[in-house]
Structure formats: C-alpha cells, structure tokens
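Dear colleague,

Please find below the structure that I am handing over to you.

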Amino acid sequence: MSNVPSDLKYTKSHEWVRVTGDIATVGITDHAQHELTDVVFVELPAVGRQVKAGETCAVVESVKTASDIYAPVSGTVLEVNAAVVDNPALVNTEPHGGGWFFQIKLSQPAEPAGLLTPAEYQALIGG
Amino acid sequence: MTLKRTPLYAAHQKLGGKLIEFGGWEMPVQYTSITDEHLAVRQAAGIFDISHMGEVFVGGAGAEEFLNRTLTNDVRKLTPGQGQYTLMCNERGGVVDDLYVYRMNATDFLLIINASQIDADVPWLEKANSGQAEVRDMSGQLAAVAIQGPAVVKFIDAALPGSACGGAEVQKISELKKNQIGIFIFDYVTVYVGRTGYTGEDGFEIIAPAEKIEAVWNALLKAGQPCGLKPAGLGARDTLRTEMCYPLYGHELDEVTTPIEAGVGFFVALDKGDFTGRAVLAEQKAAGTKKKLVAFKMTGKSAPPRPHYPIQSNGQVVGQVVSGTQSPSLGLGIGLGYVPPELARPDTLIEIEIRGKLAPAIVVTKPIYKR
C-alpha cells in the first residue's frame, strides 16, 4: 500500500506539495512512482519560470513512457533538485524526500488550501 | 470496444500484473518493474503470456506451393519440425504481417501471426488461397506462453516431461534445436513447443489449448522458481526485442514499408520463384531503397527516445524514430528509426528531437545488445 504522509497536500494528478511559509516544494507521490516504476529521466523547469497551477512544467520518464508533471500551485520556480536529475531513481526510492522536483514561491498564498488533504488523496487512490 | 482477455487473465491478476490495452487485448505490461523483468530474462528466466498471438494451420497437398507464393521466405527449405521467420507482403512489397512458419510434416504448416494482424491475415490468406490448401484459423481455441532466458533449459524438461510425438523427433524438449518445433503431450492434450522467442535469449514458446494454458503456465512457474524465473510483461518483451532490433509490426513494419527497407531482406527468398511483392522487392534489393531502418544509441545524457520523435541531421529532419526506450541492459537510451541510406552507416552521428530539443545519438550495428 502506498505511503501518504499526513503533513503534505496532494493533487489529482499525483503531485505532493509541502508548504513552508510562502514556498511550496513539489514532487510526485509514492503511489505515482509505484505506478511509473523504474524512473530513468527527469526534466525540470528553468529556475525563475512563472508557472500557473495546472500548467505542465516537468516531465518524468520511466522505461515505458513519458509523463507530464503539473504545477500544483502558481508562482515562480525558485529552485530545482539537481540531485534527482543526476539520479532519477531517487523518485522511486525517496518520492517524498530526496526525490523532490522543484520549489515554487507562491504568488497566491491561499492556493494550497484548495489542494487535496491526505485523506482525500488516500480516497482517490483507493487506499 | 471491449478488450479481449486471454485465458491467463486471472493468473495475471493474482500475480499483481498491471494490465494495459495491446492490439485489442488486455495484457500485463509489467508485474513488478520492466527493468527487473527484463534483467530476469537476460540473466535467468522470464515467462510471458503470448496467448493474444494468432495460430493458423495451413495444410494439404498444395500447402507448400501456396505458402511459397504468399510468404517471402522459402518453406521448401524446412524439414519436418523446423521453422523460419518470414513475411507476408502485398503487391507493392509492403508488409501485411511478419510471422513464423513451422513445417509439421510434408503437408501441414503452422503459422504464428501477430495479434493485431489476425483480422487482416486470415482474410488475406483465404483470398490468396485458390483451393489448393486448407486454411484454419485456430487463434480463438489456442493460447500460448513464451519462456525465455539462459536458465530455461535447466527446468523445461521437468515442467513438460516426455518425448515428441510429432514435428521434430526428440526425446525431450531440451533436445530441440533453435527454430525447431515438436508436439508433446501435457496432461492428456497435445501442445506445440518451439525453440524460438522474441528476446534474444534461449527459450521456448508453448502453444496449448486455451483451457490448458494455465496448467502449463503454473507448471513452468513452479519448475522455474528455484532458477529465478519471473513472470514478465509486454513492457519487458518490448525492451528485450528493441535491444535485439527485432521488428514489431506497426512500428518497424507496416503496409507501406518493405522488408528490404526494414533490413530483413535475408528472409526474402528472391530465388524461389514468384510470390506476392517479389517484383518490388527484387528491384529494391538491386537498386536500393529511399529509407533504411537503423539502430541507434543516445550518446549523452538525455530522455529516452520514443516512437514518432523526429530524427535530424545537419538541422534537417531526415527521418523518424519507430521504436525507442531506455535499455535496461545498457542503461542508456536506444532506438530504431528510418533514415535515408546515406545516413545508415554505423558511426554516423544523428540527433533525436525530444520535446523540441536535440539530443545526440550514433548509428550502431544491430543488434544493439550483444552478449
């Protein structure tokens, strides 16, 4: 069964979001990495890029297929995880930790409140 | 459209297989991970459900002549119990399907055809047949598994004991040579076992009545477990065959692509007399083709190449990727694609356009993976 940490927010497209002040850290969920398996490549947005919630801003590739990653919240890309680009397997081994994708400086601080709660996400994936 | 399910559907569910649509069938793409299953086949053994594939029996005094007129390879070269890779072409030399044909005896042949092409092939064969052969599509009654990998030979005889009662005359399955087929008795029914596969590893393909295939699958799983046998899905089947540069119908081959362009001219016997598509294929073999299938490896860190990505050279789009993936054996992106012949030589540098960015690649000799 997939791990759904209680301190995160979630999206229907299987990203997780950790909000600290006005900064959101984003990755893909344990459930998503389990579905993808064997992540072999991660493409991240340019630092400084303005993103809108729901916009495609990264790509994760498994052996089988390429999947788009969506910005869960709007804002400016503050930092990207170089370690996961170098070692994409981190997405499989530490989806909620070392396998994070990027950080967004929120332009609409109220936005995260509209994301899925852990219980809602658990229900979505049939936990 | 309702997806068809193989008789092993319940077995896949029990094993936690992830099911996807393939050629109108609901098939397992993977059980644990494509990489794990791929490496199990390269290093030990893997078992695949290939029940979706079609089986057509062609028999009668005129069967040999009929097949030689309809297929590109020469079936006269086959002794009883021997098989060959071959293609079925249209008048323009385009490929209707690629298949395996086995000679069971003087007058009976078994054709193993692609799942996606059953509905095209059977009418094609029936139309080409002017009454000299009997064409019997048994795809609905028969199911099949492929068991592949270097360890398979260690346990195949334990799983399916006994000597052949038809086809190649062998005392046990492991005595079959590459491309040979024998008829064996398993649990009171006849099963066809060929020493063939689609992975580049040693192995066997076993065709059995649909109602018996789960018993075959279970017997193989049980006998192979101590040797590291794993169930493997279509994902691993695709990465394994891509590393070997084996064509997949709908990717490397289609109705407007010829066997010469696809680099499988070796299986076109121009010297055997006339057959459908011969004129075009003979001309292409002599004069060359406008496009050629090449194998390539990515040379830098990049996303894996995927089907339909453009291939570029000197700022021009020169072709298209038809198969592409991350190679689990090599740990880098590999693919197959069509390019003009002047770019088909090994060591030619090309670029693959991946989401608008160019990634460098190099044309390599086939197969991409060499043991």
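Two strands are said to pair if DSSP finds at least two bridges between them. Strands (E, at least two residues) and helices (H or I, at least four) are DSSP runs, numbered from the N terminus.

This is a predicted model, in which local features need pLDDT of at least 70 and side-chain atom pairs count only at pLDDT 80 or more, while totals for chains, interfaces and linings use all residues. Residues are numbered from 1 along each chain as its sequence is written, and chains are lettered from A and ligands numbered from 1 in the order in which they are written.

I begin with the hairpins of chain B. Strand 18 (316-327) and strand 19 (332-339) of chain B pair in the antiparallel sense over seven bridges. Within this pairing, Gly324(B) has Gly335(B) of strand 19 as its bridge partner. The two strands form a hairpin with four residues between them, and Gly331(B) in the turn has a positive phi of about 70°.

Strand 4 (residues 45-49) of chain B runs parallel to strand 15 of chain B and is joined to it by three bridges, with Ile47(B) opposite Pro231(B).

A further open sheet in chain B has three strands in the order 1-3-2, again with mixed pairing. Its edge strands are strand 1 (4-5) and strand 2 of chain B, each pairing on one side only. Strand 1 and strand 3 of chain B run parallel and are joined by two bridges, and Lys4(B) has Trp25(B) of strand 3 as its bridge partner. Helix 7 of chain B packs on this sheet, touching strand 2 and strand 3 of chain B, and its direction makes about 70° with that of strand 3; axes are lines fitted to C-alpha atoms, for helices over the stretch in contact, and angles run from 0 to 180 degrees between N-to-C directions.

How many residues of helix 7 of chain B are buried? The count is 10 of the 11 in helix 7 (residues 234-244), so this helix is largely enclosed by the rest of the structure. A residue is buried if 20 or more other C-beta atoms, placed from the backbone, lie within 10 Å of its own. Just after helix 7 of chain B, Cys245(B) takes a positive phi of about 65°. Helix 2 of chain B is likewise largely enclosed by the rest of the structure, because seven of its 10 residues are buried; what covers them includes strand 10 (142-148) and helix 7 of chain B.

Finally, nine residues of chain A are in contact (C-beta atoms, placed from the backbone, within 7 Å) with 13 residues of chain B. Strand 4 (residues 39-43) of chain A gives the largest share of the side of chain A that touches chain B, three residues.

Yours sincerely

Conventions. Two residues are in contact if their C-beta atoms, placed from the backbone, lie within 7 Å. A residue is buried if 20 or more other C-beta atoms lie within 10 Å of its own, exposed if 12 or fewer, and partly exposed in between; C-beta atoms are placed from the backbone.
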